[in-house]
Amino acid sequence: MIFKSPQYCIFVQNKSGMNTTEQVEKILADTSLSTELQNIAHKVLHKERITFDEGVYLYEHAELGYLGVLANFIREEKHGDKTYFNRNFHLEPTNLCVYDCKFCSYSRLIKQKEEGWALTMEQMLDIVKKYDDEPVTEVHIVGGVLPQYDVAFYSALFTAIKEHRPELHVKALTPVEYHYIFKKAKIDYATGMKLMKDAGLQSMPGGGAEIFHPEVREQIAKDKCTGEQWLAIHEEWHNLGMRSNATMLYGHIEKFWHRVDHMEKLRQLQDKTGGFQTFIPLKFRNQHNQMSNVPESSVIEDLRNYAIARIYMDNFDHIKAYWAMISRETAQLSLNYGVDDIDGTLDDTTKIYSMAGAEEQTPAMSTRELVNLIKQVGRKAIERDTLYNVVTDFENVVFEEEKKPAYYKLPVVNHD
Ligand code: SF4
């Protein structure tokens, strides 16, 4: 499909003088638009939900400029200019894995053990301790699946982290790991998630979702938990009053309707539980994996995908972009296409992005850099904790190293 140059371009923060409602009204007044696109714009303006077929229609027919106006309208209705980020670090127990997902650039099968790592409990706690003096609020734990990392191991790890640093939020593991360890322990999901909560788990990241539909999932992520199982584990977690995120791996062999099917299943579960916080579209990267022959999506397609996600996922509060995966510039652009959260301030504690061929091979961004990245495109930077409580509003914060002296003292010659 060829996209003409966007008619309602908001590549940069809109300076036209029109507010977001007037921009949508301008779309509604455009008689050259199809009836379907008019109807969808009307629904968005009146905060009505779009249907599955309309979601597919957007992917197949909507231009980037049109999508940007609608997504930005929703984003600003929900959050204004606020753009969230959090300070966390990653703990990756192992990159060895019993599974063999075709898109995975990260895992080394057990037979390629020499290229991998598998940390002991002590090594993991040493990593946690390295951050004792850092102002991080969260540890994000995710990695490969190995038999020795079982229910007892992870329970002990979560408890040890909480005992060492009680205020650090433990966000850990996905249904891929939980399904595996609960099955091995012969316990059901409800019992297992309660055990994890009691051990110190506080929220779940969104990984392992990929594409739920079996037509795609069986080709790219055979053997690991199914889409239904992924959703069932999140449901049990939400039933305990806890929060989680959801991802979608897009831009590979899936069709547009598979993406809408994926988002529809998440939207339905969210209607039921209200436990999801954030939807995170993840761009497929094609380096160092078994799908290197599959081309990657363009930046235009990435932005269209964020925007459609923002329009479709009306019951999700937040849409997040991983700057390390899509580049700093695309992350800035995404803030005008529905994204209100950028992950995050990182050092080089994660290898997940760089091993897949992401733009950033050593992803590291200081708080000052991330705040400036957000401010440069006219948005307000808000540091949040995992549950979106405000930690620091950076609107009026001037970083120490940016403070310029008001004047420079010149040497004074004493003539006396
Ligand atoms: S995506 Fe996860 S489950 Fe699949 S091979 Fe990689 S590490 Fe293992």
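Visitor: Which residue stands opposite valine 139?

Guide: Valine 170, which belongs to strand 6. Strands here are DSSP runs of E, at least two residues long, while helices are runs of H or I of at least four, and both are numbered from the N terminus. Residues are numbered from 1 along each chain as its sequence is written, and the side-chain values use heavy atoms, leaving out hydrogens and water. The model is predicted, so local features need pLDDT of at least 70 and side-chain atom pairs count only at pLDDT 80 or more, whereas totals for chains, interfaces and linings use all residues.

Visitor: In which sense do strand 5 and strand 6 pair?

Guide: In the parallel sense, over 4 bridges. Strand 5 covers residues 138-141. Two strands pair if DSSP finds at least two bridges between them.

Visitor: What does the chain go through from strand 5 to strand 6?

Guide: Through helix 6, and this β-α-β crossover is right-handed. That word applies if, with the strands pointing away from the viewer, the path from the first strand over the helix to the second runs clockwise.

Visitor: Which way do His169, Lys171, Val170 and Ala172 point from strand 6?

Guide: His169 and Lys171 point one way, Val170 and Ala172 the other. Each of these residues is buried. Buried means under 20% relative accessible area, exposed over 50%, and partly exposed in between, with a 1.4 Å probe and protein chains only.

Visitor: Now helix 7. How many of its residues are buried?

Guide: 8 of the 11 residues, so helix 7 (residues 175-185) is largely enclosed by the rest of the structure.

Visitor: Which ones are buried in helix 7?

Guide: Pro175, Val176, Glu177, Tyr178, His179, Tyr180, Ile181 and Phe182.

Visitor: And what follows helix 7?

Guide: Lysine 186, with a positive phi near 55°.

Visitor: New topic: how many aromatic pairs does the structure hold?

Guide: There are 14. Rings of Phe, Tyr and Trp (its six-membered ring) pair if their centres lie within 6.5 Å; planes under 30 degrees apart count as stacked, over 60 as edge-to-face and the rest as tilted.

Visitor: Why is the pair of tyrosine 149 and phenylalanine 153 called edge-to-face?

Guide: Because their planes are at 70°, with the ring centres 4.9 Å apart. Tyrosine 149 also pairs with tyrosine 154: those centres are 6.0 Å apart and the planes at 35°, so that pair is tilted.

Visitor: Are tyrosine 149, phenylalanine 153 and tyrosine 154 buried or exposed?

Guide: Tyrosine 149 is buried at 3% relative accessibility. Phenylalanine 153 is buried at 15%, and tyrosine 154 is buried at 1%.

Visitor: Which residues do ring pairs link into a cluster?

Guide: Phe212, Trp230, Phe276, Phe279 and Phe316.

Visitor: Which ring does arginine 267 lie over?

Guide: The ring of tyrosine 312, at 3.9 Å from the ring centre. Arginine 384 has its charged end over the ring of tyrosine 388, 4.1 Å from the centre. A charge sits over a ring if NZ of Lys or CZ of Arg is within 6 Å of the ring centre and within 35 degrees of the ring normal.

Visitor: Last one: how many helices and strands are there in the protein?

Guide: There are 16 helices and 13 strands. Of the 416 residues in the protein, 57% are buried.
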